[in-house]
Amino acid sequence: MGINPSCHPNPEILPIVPQSGYYRIAEWVSRLASPPLLAASSLWVAAQSSPSPQQAYGWAFLAVFCMIVLPAAYLVYLHRSGQITDLDVYVRSQRIRPYLLSIGCSAAAWGLLERSGAPPVFALIAAGGLLETIGLFLVNLRWKISAHVAAAGGLSFLAFLLTGASALPLLGIVPLVAWSRVHLQRHTLSQTVAGGLWGAASFSLAFILLG
């Protein structure tokens, strides 16, 4: 998971899980379902559902840059400089700065998309991502919640809003991602359940607020 040895991880800080076959599966599920990749998938779904997909890709690129590339680059910087233990940011106290930057980037993306005539679905995604990250940040002050499962829940609910019942099979990724996070001992079951519920709720709130 990209552990930084300069942070001197130990079992009391970063859990050490026996690397069985299930561990490898869980690790790959967790990597493929990382919040940046799922956010990019949400924007791809939005572009594909747009009446003019070719034009929509430009707006998608703007959202990807603000909401994904900038926060991801900051995480890599923190990891390489030894300020966070791993790219999953397992240690709760290390999540504060990445969350604050993500909130700022999502707010900027929402403002740009809302005011520049982008298709409304992109502003919806930015607003949903903003609400989701604000919630994750506030909970993180007292308790950990799974950002991976929140992203999976948000993507599934967004796809349902955009395409209807045909997106229901996507709901299957939520328990799969939750299993991977619990198996890797990055989160408890309750933290993954809370993440999935908040991911769906944040996009539902964005949909209601933005109409």
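Student: Hey, what relative accessible area does W110 have?

Tutor: W110 comes out at 29%, which makes it partly exposed. Here buried means under 20% relative accessible area, exposed means over 50%, and partly exposed lies in between, with a 1.4 Å probe and protein chains only. Keep in mind that this is a predicted model: local features need pLDDT of at least 70, side-chain atom pairs count only at pLDDT 80 or more, and totals for chains, interfaces and linings use all residues. Residues are numbered from 1 along each chain as its sequence is written, and side-chain values use heavy atoms, with hydrogens and water left out.

Student: Where is W110 found, and what does it touch?

Tutor: W110 is in helix α4. Leaving aside residues up to four places away in sequence, W110 touches A123, A126, A127 and L210. Contact here means heavy atoms within 4.5 Å. Helices are DSSP runs of H or I with at least four residues, strands are E runs of at least two, and both are numbered from the N terminus.

Student: And what does L113 touch?

Tutor: With that sequence exclusion, L113 touches W59, L62, A63, A118, F122, A123 and A126.

Student: Let's talk cores. How many residues has the largest nonpolar one?

Tutor: The largest nonpolar core has 22 residues, and L43, M67, L113 and F122 have the most contacts inside it. A core in this sense is a set of buried Ala, Val, Leu, Ile, Met, Phe, Trp, Tyr and Cys residues joined through side-chain atoms within 4.5 Å.

Student: Which elements give two or more residues to this core?

Tutor: They are α2, α3 (53-80), α4 (96-115), α5 and α8 (189-210). Of these, α5 gives the most, with 7 residues. Apart from this core lies another, of 10 residues, including A33, L38, A152 and V177.

Student: Switching to packing. At what angle do α3 and α4 pack?

Tutor: The angle between α3 and α4 is about 165°, and their axes are 10 Å apart. That makes α3 roughly antiparallel to α4. Axes are lines fitted to C-alpha atoms, for helices over the stretch in contact, and angles run from 0 to 180 degrees between N-to-C directions. Angles under 35 degrees count as roughly parallel, over 145 as roughly antiparallel, 65 to 115 as roughly perpendicular, and the rest as oblique.

Student: Which residues make the contact?

Tutor: On the α3 side, W59, L62, A63, C66 and M67 are among them, and on the α4 side they include R97, L101, C105, A109 and L113. By class, the contact of α3 with α4 has 16 nonpolar, 2 polar and 1 charged. Ala, Val, Leu, Ile, Met, Phe, Trp, Tyr, Cys and Pro count as nonpolar, Asp, Glu, Lys and Arg as charged, and the others, Gly among them, as polar.

Student: How does α2 pack on α5: roughly parallel or roughly antiparallel?

Tutor: Helix α2 (residues 35-49) and helix α5 (residues 120-140) pack at about 160°, with their axes 9 Å apart, and they are therefore roughly antiparallel. S42, L43, A46 and A47 of α2 meet V121, F122 and I125 of α5. That contact divides into 6 nonpolar, 1 polar and no charged residues.

Student: What about α2 and α6?

Tutor: The angle between α2 and α6 (residues 147-163) is about 10°, with axes 9 Å apart, and these two are therefore roughly parallel. Among the residues that meet are L38, S42 and A46 in α2, and A151, A152 and L155 in α6. The classes there are 10 nonpolar, 4 polar and no charged.

Student: Last topic: what is phi near at V89?

Tutor: Phi of V89 is near 50°, a positive value in a residue other than glycine. Most residues other than glycine have a negative phi. V89 sits in the loop between α3 and α4 and, at 7% relative accessibility, counts as buried.

Student: And what is phi at Q185?

Tutor: Q185 has a positive phi of about 60° and is not a glycine either. Q185 lies in the loop between α7 (173-183) and α8, and at 41% relative accessibility it is partly exposed.
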